[in-house]
Amino acid sequence: MRTKVFLSSIAMVAVLVSCGPKARLGKTKVADEPADGGSYTEKVFPVVYKVTPDAQVTLRFYDALPDVPYISVSDFQAIVLPGSSMTVTHTGVGEYTLTNADATAVVNINNDVFVSEDFEAFTNQMGLLQPGMANVYYDGMPFVRYKGVTYTPAKVTTTLDMGKYGIDIHADGKGAVYFPFATLADMYTDLFYHHTGFNGEKVVVNTSVNEVNLSEIDPTYNEPLLSKKARSESMAAFNYKELCFAMDHFYGYPGRVKYNAQLKAKGLDKVLEEDVENGPEIKQLLLSTSMGEYFTGMMGLFAIYFDGHTSMEILSQAVGNEREKYADLLAEFTRTQMAHMNFQGMLLEAVAPMMSMMQSSMAVAQLRPAAYGQGVTYYKKGNTAVCVFDSFNSRNEKAWKDYYEGKGPMPTVENTQGDDMVIFLDALKKADADPEVKNLIIDISANGGGSADIVMAMTSLIMDKSYISQDNALTGQRAIVEYEVDRNFDGVFDEKDKDVHYDLNFAVLTSGMSFSCGNLFPSILKDNGIPVMGETSGGGACAIQAMCTADGFCFQISSFRARLNTLAGENIDEGIIPDLPIATDGKTQVEVSEEEAVPARDYSKFFDVDYLTKLLSEYKK
């Protein structure tokens, strides 16, 4: 859905061809079997929620893995859901039952297996946004709220065999169960980007910010990670195991990547060994103690998994805009990259579809203003109006929240610039007030995605329905998630919202650039009989999930929690086929710089309103 980080990764490729105090934060019941895991050292670290330390937590380092932090599951629960608790009960030989407010799970420390009959509920943090909310997608915009979800089947037993990956779960003989910190962090991360990481100096927890990188919580989070010249062999080995576990279970397998079927059937480690030409080399790099080689290995995974949402280029995400500060590290990375040029072709192949999409986007950016005018978001000709909507991600969250909290005026085009919801509401207002306008075409032909909250609000206004149809790649469950919308935008969810209706013939204009939410939106409309015009949309079937490696680096993946589909259950990663196709057979030139122009498809018919009106007229007949 959201697409936040991949453009910087593409650019990189192109250049290179309330918690309590210290001690226990949760509750346990005393167990009566000996501790396992051997000797260990415990250290206390600060927990950061908003820049300054807010609490402390004790992490455990077993001598067998001296650099790998472990945390009691009770403490972890209390960190990511402040005020909550986890009860641990010894229920058999090596067996412990974990119970939080939402669900239970059973772990066996002898074979290192975790089992839950409701994994989504057990790992649910979305109540931080809306009390009682299920573990589904929501960005927290105040004009939308979660209503309910129907799972089919209602419950599924989920088994995570960590022992298969060499990941150990331990118990201390006193009623506490310990997981590797990174493993629990992976299990709990959700679609709001609630996630947590450990950078060797502190634990940073995202409970409030809708951002992938933990530097949004603590600007210094990445500094200790980027200061390392090397990492230990034990951390390198564990990091690889944990990464394989996480990708095998929590990647959403949207469908478009070259090795999708093999990854799902065999897992990352086997695919690297058996299916990818340079896979053994990538694996070796991922296991290296050299940071430059490790970063290069992650670029290899970037090439394998890149689907427009998944970005595993951890170095550029950590460096961000501070390239000058980390120039030496980037130079080392570049040298290492150049020493492994034999798999650079994989990178170019992986990003080629997105590069082509960006090129077509430039064509639209140059052709559409010639028809409508520069910066125009509402254009009318005859009985047809067009709303130009190039993003679902431009949101002035503060303005909207101030309005709903009674602290400011309702956002409009006069007082709030660059907000996508404002643009659409302005178009609706103008079209509805104009007796000549019968058709409203929503042009998302250059829309690369963003927040599903805006999609939910728009679909509600168009067809008085607001839902997402999805499945879960881990549990196999299908889900219909329903949302409520303040349809009259008066700041209150009430019966008056049902009175909102627009007597317009709606249609949506898509292209191969309509990606992620730009793919979800036409899917929902088409399922409800609203015509799609243009060319097949660009796909993008999964929501984004924020992750951290075991050594602390942030990255993002297509999430297992929400793989989007039609109401009939069909995956939408291949895009939405238009009801009214528009040919783009011609060629045009787009300027990529003052000195250079490149050929691109001709989208001029997309902006010929007379032609669009004719298509709609024929469709209605």
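What radius of gyration does the chain have, and what value would a compact globule with 621 residues have? The chain has 25 Å, which agrees with the value near 25 Å for a compact globule with 621 residues. The radius of gyration is taken over C-alpha atoms, and the globule rule is 2.2 Å times the number of residues to the power 0.38.

The model is a predicted one, in which local features need pLDDT of at least 70 and side-chain atom pairs count only at pLDDT 80 or more, while totals for chains, interfaces and linings use all residues. Residues are numbered from 1 along each chain as its sequence is written, and side-chain values use heavy atoms, with hydrogens and water left out.

The C-alpha trace of the chain spans about 80 × 60 × 40 Å along its principal axes. Its secondary structure comprises 18 helices and 25 strands; these are DSSP runs numbered from the N terminus, with helices (H or I) of at least four residues and strands (E) of at least two. Of the 621 residues, 59% count as buried, where buried means under 20% relative accessible area, exposed over 50% and partly exposed in between, with a 1.4 Å probe and protein chains only.

Two helix pairs were examined. The axes of α16 (residues 452–463) and α17 (residues 517–527) come within 10 Å and cross at roughly 25 degrees. Axes are lines fitted to C-alpha atoms, for helices over the stretch in contact, and angles run from 0 to 180 degrees between N-to-C directions. The angle makes α16 roughly parallel to α17; angles under 35 degrees count as roughly parallel, over 145 as roughly antiparallel, 65 to 115 as roughly perpendicular and the rest as oblique. On the α16 side the contact (heavy atoms within 4.5 Å) is made by A452, V455, M456, M458, T459, I462 and M463, and on the α17 side by C517, L520, F521, I524 and L525. These residues divide into 11 nonpolar, 1 polar and no charged. Ala, Val, Leu, Ile, Met, Phe, Trp, Tyr, Cys and Pro count as nonpolar, Asp, Glu, Lys and Arg as charged, and the others, Gly among them, as polar.

Helices α9 (residues 279–286) and α10 (residues 291–305) pack with their axes 7 Å apart, at an angle of about 135 degrees. This makes α9 oblique to α10, and the crossing is left-handed. From α9, I282, L285 and L286 meet E293, Y294, T296, G297, M298, G300, L301 and I304 of α10. Here the division is 7 nonpolar, 3 polar and 1 charged.

Several loop residues were also examined. T152 and P153 are joined by a cis peptide bond with omega of about -10 degrees, and P153 lies in the loop between β8 (144–152) and β9 (158–161). Y253, not a glycine, has a positive phi of about 45 degrees. Y253 is placed in the loop between α6 (233–250) and α7 (260–266) and counts as buried at 5% relative accessibility. S516, in the loop between β19 (505–510) and α17, also has a positive phi, near 65 degrees. The relative accessible area of S516 is 0%, so S516 is buried.

T416 occupies the loop between α14 (397–404) and α15 (420–433) and is buried, with a relative accessible area of 5%. Residues up to four places away in sequence aside, T416 touches N396, A399, P411 and V422. T416 and N396 are 20 residues apart along the chain, and their C-alpha atoms are separated by 7.5 Å.

Key: Left-handed = near helix turned anticlockwise from the far one by under 90°.
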